[in-house]
There are 2 protein chains.
Amino acid sequence: MIREEEVNGRVLYENGTHSFIWLGTEGKYRKGVIQTMQYLIIDNGRGILLDPGGVHLFSRVVASVSRYISIDKIDAIFFSHQDPDVSSGIALWLGITQAKVYISELWLRFLPHFGIVDSTRVLPIPDRGSKLKVGPSLELTCVPAHFMHSPGQFSLYDPVSRILFSGDIGAAVFEEGEETVFVEDFARHKASISGFHERYMASNAVTRRWCDAVRRLKPDMIAPQHGAVYRGQALADFLDWLSALRCGVDLADQYF
Amino acid sequence: MIREEEVNGRVLYENGTHSFIWLGTEGKYRKGVIQTMQYLIIDNGRGILLDPGGVHLFSRVVASVSRYISIDKIDAIFFSHQDPDVSSGIALWLGITQAKVYISELWLRFLPHFGIVDSTRVLPIPDRGSKLKVGPSLELTCVPAHFMHSPGQFSLYDPVSRILFSGDIGAAVFEEGEETVFVEDFARHKASISGFHERYMASNAVTRRWCDAVRRLKPDMIAPQHGAVYRGQALADFLDWLSALRCGVDLADQYF
C-alpha cells in the first residue's frame with residue numbers, strides 16, 4: 001500500500017544540486033486504465049521529464065511537477081517510446097514548456113499524429129543510443145531497449161543518482177491497494193510482471209542484451225513506468241529473471 | 001503519381017450491396033509526417049472504418065467517409081494496433097458515431113490515455129483472432145499479426161471483396177510525387193519497403209507465420225495503411241519476400 005503522503009510523489013535521490021523524483025500516483029484507480037508513473041530529474045535548477053504520459057494525466061502531472069520546479073525550467077522531455085500512455089500528451093507539453101522532446105528516430109514521423117506538434121522541437125535518438133545533455137553539466141545515457149516492446153525504444157540512465165528509467169521494462173500490474181513504491185520481495189513480485197513481459201517483450205534475444213548492458217552500468221535503482229521501483233537484491237533478481245525469459249516471438253506458437 | 005480525381009478516394013471493390021473503399025490521400029504532403037491510408041467497408045448500408053487515424057486527420061477522414069455513407073451508419077471501427085497514426089483520434093470518433101471499437105486485447109487499457117473514452121464501447125480481439133460482425137450478415141476475419149510490429153496486432157480480411165487490410169504490413173514510404181494506388185512492379189517497389197520491414201517487424205518467426213496464414217485466405221488484394229495496394233503478381237512476390245525476410249531481433253546486433 002502506498003502511504004497517503006506519497007501519493008504526491010517521493011524524492012528517490014537528492015544531493016543538494018541534483019534530484020531524481022517519482023511524481024506520485026493517481027489518488028484513485030480509474031477502472032480499466034493502466035496506471036502510469038512519471039519521473040522528473042532536476043539538475044542545477046533545470047528539469048527533464050521522463051514519459052510524462054497521456055492527455056488524461058496532463059493536469060495532474062503538471063501540478064506534481066510544479067511542486068518541485070517551475071514549468072518553464074523544464075528543458076527536455078524524454079519519451080521511451082510511442083505508446084499513448086507515454087507520449088499522447090506531447091502537444092500539450094510542447095504548448096506549456098520550451099522543452100525539446102527526445103524519442104527514438106523510428107517514431108519521429110509518427111508523433112505529429114497526436115496533434116499540432118512543432119517538429120523542430122522533436123529530436124531523434126539514433127538506434128545505438130546517445131548522450132542527452134540537460135542544463136550545464138548533466139549527461140544522461142540513452143540505453144537501447146528496442147523490441148521491449150516497441151521496435152524503437154530507449155531506457156535512460158542518470159549517472160549521478162545511478163537510477164535507470166526503464167519505461168515498460170519491469171512494469172507491474174497491481175491489484176488495487178497492493179501498490180508499493182519499491183519491490184520488496186522479487187519472488188512474490190514475479191506474479192505481477194510475468195504475464196506482461198512474456199507477452200509484450202519480443203524475444204530473449206533482446207531481453208538478454210538489455211540486461212547485459214544494464215549490469216555494466218551498475219545502477220542502484222531501476223524505475224519503470226508502471227508498478228514499483230527495483231533496488232538491492234530485487235534489482236539483481238529481476239535482471240537474472242529477465243535475461244533468462246522466453247517471451248514474444250520465442251512463444252509465437254501460442255499466439256498464431 | 002496519384003491522379004487528381006483519386007485524391008478523394010477510390011472504390012477497390014463493389015458488387016451492389018458491398019464495397020471496399022480507399023478513402024484517398026492528403027492533397028499535399030505534410031513534411032516530416034508519415035502519410036496514412038484509411039479504408040471503409042460498406043455492407044448493406046452499414047459501415048466499418050479501418051485504422052481511421054490520428055487527431056490531425058480527423059476532419060479530412062470524416063469528409064471522405066461522408067461522400068460514401070452517413071457517419072451515423074458506421075457501426076464499427078477496427079484498429080490494427082495502438083500507434084498514434086492509427087488510433088489517436090479514438091475519442092473524436094467515439095464522439096460523432098455510435099460505433100464500437102475493436103482492437104487487440106493487449107491495448108484495451110492503454111486507449112483511454114488518448115483522452116475521454118467510453119471503455120464499454122471498446123471491445124477486445126483475443127490473441128488467436130476472431131470474427132467481427134458488421135450489419136446483418138458480414139463476417140470479417142481478424143488475422144493475428146502480432147509483433148509486426150506491435151505485440152498485439154491484427155490484419156482484417158473481408159471475404160466478400162477478398163481484400164486483406166494489413167495495417168503497417170506492406171507499408172511503403174514514397175518520395176513526394178511517386179505515390180501510386182497499386183504496386184505496379186514489386187522488384188522496384190522493394191526499395192520503398194525494405195528498410196521499414198527490416199527494422200520494425202520483430203522477426204522472421206512471425207512474418208513467415210503471417211504469410212502462411214494470408215496465403216491460405218487467397219486474397220485478391222492486400223491493402224496497407226501506408227503506401228500502395230498489392231494485387232496479382234506483386235501480391236505473390238510480396239508474400240514470398242516477406243516470408244523469407246530476416247528482420248527485427250534476427251538482426252539485433254545492428255541495434256544494440
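Predicted model: local features only at pLDDT ≥ 70, side-chain atom pairs only at ≥ 80, totals over all residues.
Start with both chains in view. Chain A superposes on chain B with an RMSD of 0.0 Å, by a turn of 180° and a shift of 0.0 Å along the axis. The two copies are thus related as by a two-fold rotation axis. Of the interface residues of chain A, 100% are also interface residues in chain B, so the copies meet through the same surface.

**The interface**

Select the residues of each chain that touch the other. Chain A contributes 50 residues to the contact, and chain B contributes 50 residues as well. The size of an interface is often given as the accessible area lost when the parts come together. Here the area buried between chain A and chain B is about 4,800 Å², with 62% of it coming from carbon and sulfur atoms. Now pick out A:Arg109, A:His113 and A:Phe256: they supply 19% of the area that chain A buries against chain B, more than any other three residues.

Colour chain A by secondary structure next. By residue class, the side of chain A that touches chain B divides into 26 nonpolar, 15 polar and nine charged.

**Salt bridges between the chains**

Side chains of opposite charge can pair when their charged atoms come close. Over all chains, the whole structure has twelve salt bridges, and four salt bridges are found between chain A and chain B.

Select A:Arg199 and B:Asp127. Their side chains form a salt bridge, at 2.7 Å from N to O.

Then go to B:Arg209 and A:Asp253, whose side chains meet in a salt bridge of 2.3 Å, N to O. This pair crosses between chains: B:Arg209 is in helix α5 (residues 204-217) of chain B, and A:Asp253 is in the segment after α6 (232-243) of chain A. A:Asp253 counts as exposed, at 57% relative accessibility.

**Salt bridges within a chain**

Stay in chain B and select B:Asp75 with B:Arg46. They form a salt bridge whose closest N and O atoms are 2.7 Å apart. B:Asp75 lies in strand β5 (residues 74-78) of chain B and B:Arg46 in strand β4 of chain B, so the pair ties together parts that are 29 residues apart in sequence. B:Asp75 is partly exposed at 26% relative accessibility, and B:Arg46 is partly exposed at 27%.

Switch to chain A, where A:Asp212, A:Arg215 and A:Asp240 are linked in a network of salt bridges.

Select A:Leu50, in strand β4 (residues 46-50) of chain A. A:Leu50 is buried, with a relative accessible area of 0%. Leaving aside neighbours within four places in sequence, its contacts include A:Phe20, A:Tyr39, A:Phe78, A:Leu156 and A:Phe165.

Move to A:Thr141, in strand β9 (residues 138-144) of chain A. A:Thr141 has a relative accessible area of 18% and counts as buried because the cut-off is under 20%. Its side chain makes a polar contact of 3.1 Å with the side chain of A:Lys131. Not counting residues up to four places away in sequence, A:Thr141 also touches residues including A:Ser130, A:Ser155 and A:Tyr157.

**Backbone stops**

Most residues other than glycine have a negative phi, and most peptide bonds are trans. Show the backbone for the following exceptions.

- A:Met148 and A:His149 are joined by a cis peptide bond, with omega about -5°. A:His149 is in the loop between β9 and β10 (154-158) of chain A.
- The bond from B:Met148 to B:His149 is cis, with omega near -5°.
- B:Asn44 has a positive phi, near 50°. B:Asn44 lies in the loop between β3 (39-43) and β4 (46-50) of chain B and is partly exposed at 43% relative accessibility.
- B:Arg162 has a positive phi, near 60°. B:Arg162 is in the loop between β10 and β11 (163-167) of chain B and is partly exposed at 31% relative accessibility.

Note on methods. Residues numbered from 1 in each chain as written. Chains lettered and ligands numbered in written order. Heavy atoms only, no water. Contact = heavy atoms within 4.5 Å. Buried area = accessible area lost by both parts, 1.4 Å probe. Nonpolar A, V, L, I, M, F, W, Y, C, P; charged D, E, K, R; others polar. Least-squares fit on C-alpha atoms with pLDDT ≥ 70 in both. Helix = DSSP H or I, 4+ residues; strand = E, 2+ residues; numbered from the N terminus. Buried < 20%, exposed > 50% of the residue type's maximum accessible area, 1.4 Å probe, protein only. Polar contact = N/O pair within 3.5 Å; in protein donor to acceptor, adjacent residues only side chain to side chain.
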